[in-house]
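Hi,

Here is the structure I promised to pass on. Have a look at it first, and then read my notes below.

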Amino acid sequence: MTCRPRRAALVSSLALIPWLLAAPGLSGQVKVPSLGGHRFVTNDLTGDPFPTTSIRTTLGMGKALDLELIPDFEVGGEPVQGITGDLLFANLDMEIEWAVQDWMSVWLEANVLGRLGSDTGALLTEGVSLITGFELGWLFRLMETDRTQLSGSAQIWSDNFTIVNLADWADGIIAGENVPLVRKAPVVRTGGGLRFAWAITDWLGALGTGELGYGESAGLEPANDWFTQTSAALSIDLNPVWDVPVGVGVGYRHDSFPREAGDPDKTAHGGLFRITYTGRDDFIVSFDLSGTKSTLTNGSDVNIGFTGLTMRYYF
Amino acid sequence: MFMRTLAFAGLTVLGLLIPIPGSAQWTFGVQAGLSRSKVSGDAPEKIHYRTRTGPMVSLSVEYARTPSFTLSFEPGFVQRGTGIAVEVPDIKEPVDTADLALSYVTLPILAKVYSRGGRAFVSAGLELGLLTKAEFELGGSTESIEQGFNDSSLSALFGVGTRFRAGPAEWLLSVNYFQSVVSVVGEEPEDAEGFFPARFRTSGLEFKAGILFAPGGGR
């Protein structure tokens with residue numbers, strides 16, 4: 001009896017294999033983004049200019065190792081060792097996009113980023129514990145040729161930060177200020193920009209995005225500022241070259257004022273490497289490795305690595 | 001500052017409504033519904049914000065630039081705000097204690113794109129709100145507190161809806177998500193310094209039904 005769930009899971013997994021291995025072009029209509037014979041390996045870091053009707057989920061884990069959360073300091077001439085620690089994150093994104101017309105789509109993305117916490121020192125000093133939020137947007141095609149596409153976007157981001165910050169709370173007590181131990185910070189941002197895709201050959205493409213927005217920080221005293229997000233990616237489809245239904249994406253992104261930042265002058269740089277199964281015309285499954293370099297509220301730099309699994313179905 | 005915002009909004013409307021000869025059609029109508037709103041902000045200790053429901057009504061002037069793309073100007077009135085619940089010792093759930101009602105004359109400009117079948121649509125735009133009344137109700141007594149709030153607000157709107165024809169009119173059902181993109185709280189009065197949290201914005205859903213007439217016949 002106890003074997004039944006396991007057997008059912010095995011049968012389900014085996015049933016998925018022929019579906020996943022269906023030959024490209026079987027449905028007669030390629031629904032994944034493509035231009036000039038190139039199937040784009042799109043990614044969440046750079047975005048893409050293709051209005052589609054699709055649903056996407058991304059599940060990921062991230063870790064920052066050996067953070068210097070509180071630097072070494074001196075008390076009365078005696079050196080006191082600072083605090084280092086690890087931060088562990090889990091990330092879940094769900095997005096639904098609807099192509100209202102072939103030239104425009106709207107999307108709604110909901111995301112949760114929670115800190116799992118693997119080290120007491122890290123838990124105590126770096127406060128953000130949970131970020132829930134959503135993004136609402138419009139994507140509209142502005143120009144299209146056989147090999148290029150340019151689209152405009154407009155969106156609003158609404159996030160809620162739950163922050164448990166023992167260090168700030170303790171500092172507040174020492175300074176005689178009423179700093180809450182647990183607080184919630186809603187952060188709203190609006191913006192828009194341009195997204196570009198270029199099918200260089202049937203196996204190589206390029207993606208680029210530039211966005212400008214205005215919004216606030218998650219800091220105790222909210223700071224409003226303008227921000228930019230720029231990104232670029234290469235899309236490599238191995239199918240035309242080696243007859244292998246695999247695509248590779250490599251991307252880079254720069255945020256002048258990331259959503260998670262407590263201070264507007266903290267920039268972030270991110271990179272992504274994606275491997276995508278491209279054997280179906282209407283479905284992709286991708287494995288992501290990404291990294292972000294940003295600055296914590298205490299001023300120290302942090303490198304965070306993420307791994308994630310993305311599935312997207314195109315209707 | 002407010003007059004400049006108003007002038008900018010007016011010029012934007014005029015610019016968007018410049019006709020394209022031979023492809024446009026005007027429709028006029030009214031809409032009414034309910035606004036389910038809440039304040040999102042740094043709630044003071046032991047305070048929780050609650051969703052409240054207020055009425056909304058608007059005129060509707062729509063201009064179809066193409067069969068699938070419409071610009072809509074919907075001047076109206078809406079009451080937004082928040083319920084306020086307070087944590088009380090020995091009671092598990094926070095107790096609904098007070099109510100904040102913010103009444104606005106609203107001037108939204110929306111772009112609407114209809115689906116291929118023409119039945120469903122999505123909309124997005126900006127709304128300029130002019131505060132007419134701010135009332136705080138506590139223990140049965142109501143007090144006007146306009147002094148602490150900005151005279152105007154700016155909100156982003158995103159919506160979905162459907163339309164259908166019945167008789168000579170076109171009927172609309174829609175849901176809008178609205179989010180004020182700047183704090184609705186202005187410079188605090190001296191005697192209330194520190195009362196309002198740093199972030200204080202309204203957001204929520206608006207459920208609307210409307211009827212539209214085209215002077216020259218249906219579109």
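Before anything else, a word on naming: helices (H or I, at least four residues) and strands (E, at least two) are DSSP runs, numbered from the N terminus. Residues are numbered from 1 along each chain as its sequence is written, while chains are lettered from A and ligands numbered from 1 in the order in which they are written. Keep in mind that this is a predicted model, where local features need pLDDT of at least 70, side-chain atom pairs count only at pLDDT 80 or more, and totals for chains, interfaces and linings use all residues.

A:Asp243 sits in the loop between helix H4 (239–242) and strand E13 (246–255) of chain A. Its phi is near 60°, a positive value in a residue other than glycine. A:Asp243 is exposed, with 8 other C-beta atoms within 10 Å. (Buried means 20 or more other C-beta atoms within 10 Å of the residue's own, exposed means 12 or fewer, and partly exposed is in between; C-beta atoms are placed from the backbone.) Chain B has a case too: B:Asp90, not a glycine either, has a positive phi of about 70°. You'll find B:Asp90 in the loop between strand E5 (76–86) and strand E6 (95–114) of chain B, and it is exposed, with 4 other C-beta atoms within 10 Å.

Now chain A as a whole. It has four helices and 16 strands, and 35% of its 315 residues count as buried.

Next, where the chains meet. Two residues are in contact if their C-beta atoms, placed from the backbone, lie within 7 Å. Chain A and chain B each bring 18 residues to the contact. On the side of chain A that touches chain B, strands E6 (83–101), E7 (104–115), E8 (128–144), E9 (148–164) and E10 (182–199) of chain A each supply at least two residues. The largest share, six residues, comes from E10(A).

The model scores ipTM 0.74 and pTM 0.79. For single residues there is pLDDT, the predictor's confidence in each residue, from 0 to 100. Chain B averages a pLDDT of 82, and 80% of the residues score at least 70. Among the elements of chain B, helix H1 (residues 2–16) has the lowest mean pLDDT (50), and strand E4 (residues 69–73) has the highest (94). Over residues 16–23 of chain B, pLDDT stays under 50. Where pLDDT is low, the predicted coordinates should not be read in detail.

Cheers
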